[in-house]
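Visitor: I would like to learn how to read this model feature by feature. Please give the general idea each time, then the case at hand.

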Amino acid sequence: TGWTDLQGNFWIFGGDGGGVSFSDLMMYNPVTDEWTWVAGTGLANQPGNWGTKGVPSPNNYPSSRTYGVRSWTDHNGDLWLLGGYGYDANGSNGDLNDLWRYNIATNEWTWMAGNNTVNANGVYGTLQVPDVNNTPGARHECTAAWTDLSGNLWCYGGYNFSQAFCDMWKFDVSINEWVWMSGSSGSLNPSYGVQGIPSASNTPGSRLAYSHSTDVNGNFWLFGGANYNITPYADLWKY
């Protein structure tokens, strides 16, 4: 996964290296044309160190992971990541739903929400109502993620080998709670409606691994991806 920080530097975390995954955080400065190894062990298949939820520490770091990890840069310049396929605190391999924040100034990771074990189920709660217990379920190939004009973190869909998802989530950074905003906790086919006409019944349906962008008005866009059977789409959506 990767980010652009508020100073224009590029960051990457983890990924697959020929059957192994990593937990190293690297920064590329386009002005000096230099890479810097910033955090992580530099070793493969690491279980990570979650520490205490909500408490930053120089000893904390996310586990090795790969396959479409979500990422955001918030309005304070902090870097966030969610889930992916990798290792939990027990060294088991599977889908993750842990949310992390990295503070560039202090060089510290904070485990913000979710579980430190693999394959956790989602807790949806009540539609559009934040709750401390809410959390998206574990998943990977879930790269559709946006930061809204208030600095909240949004994400859609993903995949966990059993199903593709069609749920839209918001993480409210002011209260550190997840909100299930739209979609279903199960699987849905796309419902297109009329092209160019918004409708509450429209949905991109369950899908994974798709392009995403945010426009100057704060609207979220996604393009393409694939369904559970890896049949690709070429549709453009606006939320």
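Visitor: Which residue forms a salt bridge with Asp235?

Guide: A salt bridge is a side-chain nitrogen of Lys or Arg within 4 Å of a carboxyl oxygen of Asp or Glu. Here Asp235 pairs with Arg207, and the closest N and O atoms are 2.8 Å apart. Asp235 sits in strand 16 and Arg207 in the loop between strand 13 (177-182) and strand 14, so the pair ties together parts 28 residues apart in sequence. Both Asp235 and Arg207 are buried. Buried means under 20% relative accessible area, exposed over 50%, and partly exposed in between (1.4 Å probe, protein chains only).

Visitor: What should I know about the model and its numbering?

Guide: This is a predicted model, with residues numbered from 1 along each chain as its sequence is written; local features need pLDDT of at least 70, and side-chain atom pairs count only at pLDDT 80 or more. Totals for chains, interfaces and linings use all residues, while side-chain values use heavy atoms, leaving out hydrogens and water.

Visitor: How many salt bridges does the structure hold?

Guide: The structure holds 3. Another of them joins Arg65 and Asp98, at 2.8 Å from N to O. Arg65 lies in strand 5 (residues 65-66) and Asp98 in strand 8, so this pair ties together parts 33 residues apart in sequence. Both Arg65 and Asp98 are buried. Asp167 and Arg139 also meet in a salt bridge, 2.8 Å from N to O. Asp167 belongs to strand 12 and Arg139 to the loop between strand 9 and strand 10, so parts 28 residues apart in sequence are tied together. Asp167 counts as buried because its relative accessibility is 0%. Arg139, at 2% relative accessibility, counts as buried too.

Visitor: What is the strand order in the open sheet of 3 strands?

Guide: Strands of a sheet pair through backbone hydrogen bonds, either parallel or antiparallel. Strands (E, at least two residues) and helices (H or I, at least four) are DSSP runs, numbered from the N terminus. Two strands pair if DSSP finds at least two bridges between them. In this sheet the order is 14-15-16, with antiparallel pairing. Strand 14 (211-214) and strand 16 (232-238) are the edges, each pairing on one side only. Strand 15 (residues 220-226) and strand 16 pair over 5 bridges. Leu222 has Trp237 in strand 16 as its bridge partner.

Visitor: How should I read a positive phi?

Guide: Most residues other than glycine have a negative phi. Glu141 has a positive phi near 45 degrees. Glu141 lies in the loop between strand 9 (108-113) and strand 10 (145-147). Because its relative accessibility is 22%, Glu141 counts as partly exposed. Ile230 has a positive phi of about 65 degrees, and Ile230 is in the loop between strand 15 and strand 16.

Visitor: Which residues are closest to the centre of the largest pocket?

Guide: On a 1 Å grid over the protein atoms alone, a pocket is an open set of points with protein on both sides within 12 Å along at least five of seven lines; lining residues have an atom within 4 Å of a point. Grid points are joined across faces, edges and corners, and a volume is the space filled by probe spheres set on the points. The largest pocket holds about 740 Å³. Of its 26 lining residues, Pro198, Asn202, Trp237, Lys238 and Tyr239 are closest to the centre. Strand 16 gives the largest share of the lining, 4 residues.

Technical notes: On a 1 Å grid over the protein atoms alone, a cavity is a set of points where a 1.4 Å probe fits but cannot get out, and a pocket is an open set with protein on both sides within 12 Å along at least five of seven lines; lining residues have an atom within 4 Å of a point.
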